[in-house]
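Subject: Structure handover

Hi,

Here is the structure you are taking over. My notes on what I found follow below it.

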Amino acid sequence: METTNSFLAAIRSRTAGQAWFIFYLALAALDLGAVSYTLYQHHRVTNLLDRRSTQDEEFDKQDRVIRRLGSITVEIDDIANDLPNSRDTTESRDRLHVAKSAMAASLTALHVSAATIPADRALMAARVDRIAHELRIVAQAGDDKLAAVERGDLAAAAAQNARLDASNVVAGRLLNELSASIDQLQDRLFAEEHEQVELMRRAQIMIGALIMAIIAGMALYGRALAQRVLSARERDRYVEELRLSNGAFKQLSRKNELILNTAADGIIGIDLDYHLTFLNPAASAMTGFSLEELQGKSIHEALHHTHADGSPYPAMSCPKNSALRSGVAASSSDDTFWKKDGSSFSVEYSMEPMRDEEGRTIGAVVTFRDTTERRAVQRLKDEFVSTVSHELRTPLTSIRGALGLLAGGLITKSPEKAKRMLDIAVSNTDRLVRLINDILDIERIESERAPLTKTRCEASALLRDAVDVMRPMADKAGVNLELMTAVEGTTVWADADRVSQTLTNLLSNAIKFSPSGSTISVSASPGRDGVVFRVADQGRGIPADKLESIFERFQQVDASDSRDKGGTGLGLAICRTIVRQHGGDIRVESVLGDGSVFTFSLPAAAPQQDTHAATPGARVIVCDDEPAVRETLEAMLKQHGYDVRMASGGDELLGLARAFHPDVILLDLVMPAMGGWQAMAALRGDPETTAIPVVIISGMLAQSQEPAPFDTAGWVSKPLDERTLIETLEHALGLGGRNARIMVVEDDFDLARVITASFERHGIETSHAATGREAIEMIREHAPDILILDLILPELDGFGLVEWMGTQEHLRNVPLIVYSAGDTTPAERERLKLGPTQFLTKSRVPPAEFERRVVKLLDVMTLTKDGVAHAA
Amino acid sequence: MQPERILIIDDEEDIREVASLTLEEAGFEVITATCGREGIEPAIAEQPDAILLDVMMPEMDGAATLARLQESEATRSIPVLFLTAKVQPADKRCLSSLGAVAILPKPFDPDRLGYDITTALGWTAGRHEGTAST
């Protein structure tokens, strides 16, 4: 079986095939030889048989002749014996003569017959001759006896009789011998013949065996051949499958690589000896090491060698160590990794053993995250809580103490002291209230639960309002407020209420620290970084070492200020938060004893645009229960080129919104039957109207409705200011009061998922189409703000999609990012033009960089739509 | 019999006033100082029986003041009690190792402040006329 197998195995190869062919030819030749030999043998046997039948006749004849000769000798002997009894010898002579003639005839016949036997011809002839000789002696002796008898010589007759008897005996012996010899010969011939037949039989067996061998060989060879053919087909199929799976594998590994490269967490692969085998880009960025620098090095020695306090961290005591040996996961939420430059950072890591198919641990994956920032935030938060607790307890201590003394009746004897305690309680209660307000305010602003409602604001108007508010306090303190007129048309894109808050805070501070009779000047002027507001006092000034810290929470120049001046230590922190939220900056310059100058910058508003051109025929529904407001708004909006419809209540609005498909809705909050928020809930609940931006028109300030139950596209306070209204409407129409919308057209679902997820992290609404046709359907529903396009797509490719979008009026200028696998030719680029178009190649622009570029592009668009002019 | 004399060191004027009145009503004699630096001198000169020390003060805070008091031969033996609004567990842990006799929280109950001080110091409550057993 084994040899068969190896034989089969051998003939599978081409050279073995040739060997097999030669072997087969040899076998066939052998077979032909055997057949020829058999035929020859057959011929011989046939000849033998043929000859034997004639020989057998001869043998029979000889046998008969020999027996005749025997009887003739007996006759002669009888004649001779009878001689003495007859007187007349004539009869005996005649009888002898007849016998002699018969003997001669028989001898001749024997001679002739013996000559026909090819084998032992000479021997036979010799024997026949000897018999003839003896018989002639017998015949002669008979003759002589006869003659002697006739002569009457009895003695001679007796001698002749003896001679005759002797020869007779010899002849009888010789005849017997010949007969035996003939029998022998016959036997020998038969044996010879038998041998020939046996040879023929063997040859036939051999032929049979050879034929069997050939047939078997052919069967085996055929099987091997068939297998070879099958295996060749199998191999072709396997190669095809391999080619396919290789492609899939490449795609999969590209996806996996993308995922690893995109992961924000550091990912490190180690082998069983803790030696680094893999490092993803995030890990590389965090540690400063490249894979080449760390490959084959121990992870502990490279990144984990020292505790945060600087003491050495032996690998043996590291939880990672035991983890890999015992095959269980290890993690730490508070640990330290060391960078290439020798600095360290706080990490949270986890190590998961990596197992092969058999479940053997072959290494581990260490995932880690830089927690420095989170830790710092946590520390700040803890500090803030601790500080707030302290700041609240301080006035409470005075209140509690003073009230406790009064309640305990301890100071009833001294009305002055009691009055003093009451004063302390009251003033500290005021301080506590201010503190709580400011804490809540700063929290609200910083947590962005109160988004800025930016509008175009005249700088001079903002200054005038703030000065008007603070005038009474300044008058009381005997301080002059000097308002320098701002350059005409100096406008900022800002939240007016917040800017007012900042200005009044700064003015309030300035008044508190200004001696009576001094002057505070307030101004605004266009500067390099937008518009610069300035509040300058002639107060006591701020020590140089406090210039930075006064903007921190609860940092005052003098702790007693909070009691004396009614400050909370949060005013300037609030100012800085507001200014920074607008993208500006606040700073202070001061000379001790001479006064301080606070300046802050806000982004300038873009030059006034022609509103007719900006929103040609945009559709607006105004929903307000007051006819007067509706009329005013209708006139105002029509004058600006809007297509306006009116609704007097929530129900009417809902029906109209579904029928009219407005671009924006102006909605009053306080209405009978259905209130504004209720109407908005209904709008949001209906898929047809859910995306329509809504601008609130209300007698209340936006801030009074915190938090607003829905995202609004803007808020316009009554009484309505035409410019504010139009600007807010335009802003709402710009991005529709919604998040930016990106469409990813990519047939690779995994890549699409990675891209989509990365944008959703930025709060960007991202949709995905896998084919050009699907993209067209989706774009018909919602036009994207940016289109990210793969070129090779099923159904309709990227070129086709761009061509179609080029034919659509409202899609012609959609910004396009072509994110394709290969480079594009200039001719292809010419075909791929929509709005601003960028060409990024997948292999050259990694997803992280890709994401950054898209977000940047989106930022630029959003700012442009916001109407913010960039100071060039 | 001399009443026990207590030095209050606190930068908050209202709190100094309320605490002074509270302790005076409880039968102590009170001296006040407006900050840590200002408190060292009366501590040496007046040799109070105990010092009630605020923690959050500008320039020289309660911890630094306590260290200064412990450095000086003249003030080392005067027991110090923190009276502080820093009552978060983490804050308390920091303060407890500094060597003060007690940490009294703000706001305080004026009915109990005197009692808490005498208890903390091992004086017999109400023994305002007795001598300090330092």
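This is a predicted model: local features need pLDDT of at least 70, side-chain atom pairs count only at pLDDT 80 or more; totals for chains, interfaces and linings use all residues.

I621(A) has R645(A) as its bridge partner in β14(A).

**The parallel sheet of chain A**

β13 and β14 are part of an open sheet of five strands. The order is β14-β13-β15-β16-β17 (chain A), and the pairing is parallel. At the edges stand β14 (643–647) and β17 (714–717) of chain A, each of which pairs on one side only. From one strand to the next, the twist averages 20°.

Two helices go with this sheet. Helix α17 of chain A, residues 627–639, packs on the sheet and touches β13, β14 and β15 (664–668) of chain A. The direction of α17 makes about 170° with that of β14(A). Helix α19 of chain A, residues 676–685, lies across β13, β15 and β16 (694–698) of chain A. Its angle to β15(A) is about 150°.

**The mixed sheet of chain A**

Chain A has another open sheet of five strands, with the order β7-β9-β10-β12-β11 and mixed pairing. β7 and β11 (586–591) of chain A are at the edges with a single partner strand each, so one side of each has no neighbour in the sheet. Direction ignored, neighbouring strands here are turned by 15° against each other on average.

In general, strands of a sheet pair through backbone hydrogen bonds, in either the parallel or the antiparallel sense. Going through the pairs:

- β7 (residues 480–483) and β9 (residues 519–527) of chain A are parallel, over four bridges. L481(A) is opposite I520(A) in β9(A).
- β9(A) and strand β10 (residues 530–536) of chain A are antiparallel, joined by seven bridges. P526(A) is opposite V531(A) in β10(A). A hairpin of two residues connects β9(A) to β10(A).
- β11(A) and strand β12 (residues 595–602) of chain A are antiparallel, joined by six bridges. V591(A) is opposite G595(A) in β12(A).

Helix α13 of chain A, residues 496–512, packs on this sheet. α13 touches β9, β10 and β12 of chain A, and its direction makes about 25° with that of β10(A).

**A helix length check**

After α4(A) comes G152(A), with a positive phi near 80°.

**Chain B**

Chain B has 134 residues, of which 43% count as buried. It has five helices and five strands. From the N terminus on, they run β-α-β-α-β-α-β-α-β-α. Take the contacts in chain B between residues at least 6 apart in sequence: 59% of them join residues at least 24 apart.

**The contact between the chains**

Chain A gives 23 residues to the contact, and chain B gives 23 residues. On the side of chain A that touches chain B, the elements that give two or more residues are α10 (372–407) and α11 (415–446) of chain A. The largest share of that side comes from α10(A), with 13 residues. By type, the residues on that side of chain A are eight nonpolar, eleven polar and four charged.

**Confidence**

For the complex, the predictor gives an ipTM of 0.88 and a pTM of 0.46. Chain B averages a pLDDT of 86, and 91% of its residues score at least 70. Within chain B, confidence is highest in strand β1 (residues 5–9), at 95. It is lowest in helix α4 (residues 89–96) of chain B, at a mean of 85.

Best wishes

Key
Residues are numbered from 1 along each chain as its sequence is written. Chains are lettered from A and ligands numbered from 1 in the order in which they are written. Two residues are in contact if their C-beta atoms, placed from the backbone, lie within 7 Å. Ala, Val, Leu, Ile, Met, Phe, Trp, Tyr, Cys and Pro count as nonpolar, Asp, Glu, Lys and Arg as charged, and the others, Gly among them, as polar. A residue is buried if 20 or more other C-beta atoms lie within 10 Å of its own, exposed if 12 or fewer, and partly exposed in between; C-beta atoms are placed from the backbone. Two strands pair if DSSP finds at least two bridges between them. Axes are lines fitted to C-alpha atoms, for helices over the stretch in contact, and angles run from 0 to 180 degrees between N-to-C directions. pLDDT is the predictor's confidence in each residue, from 0 to 100.
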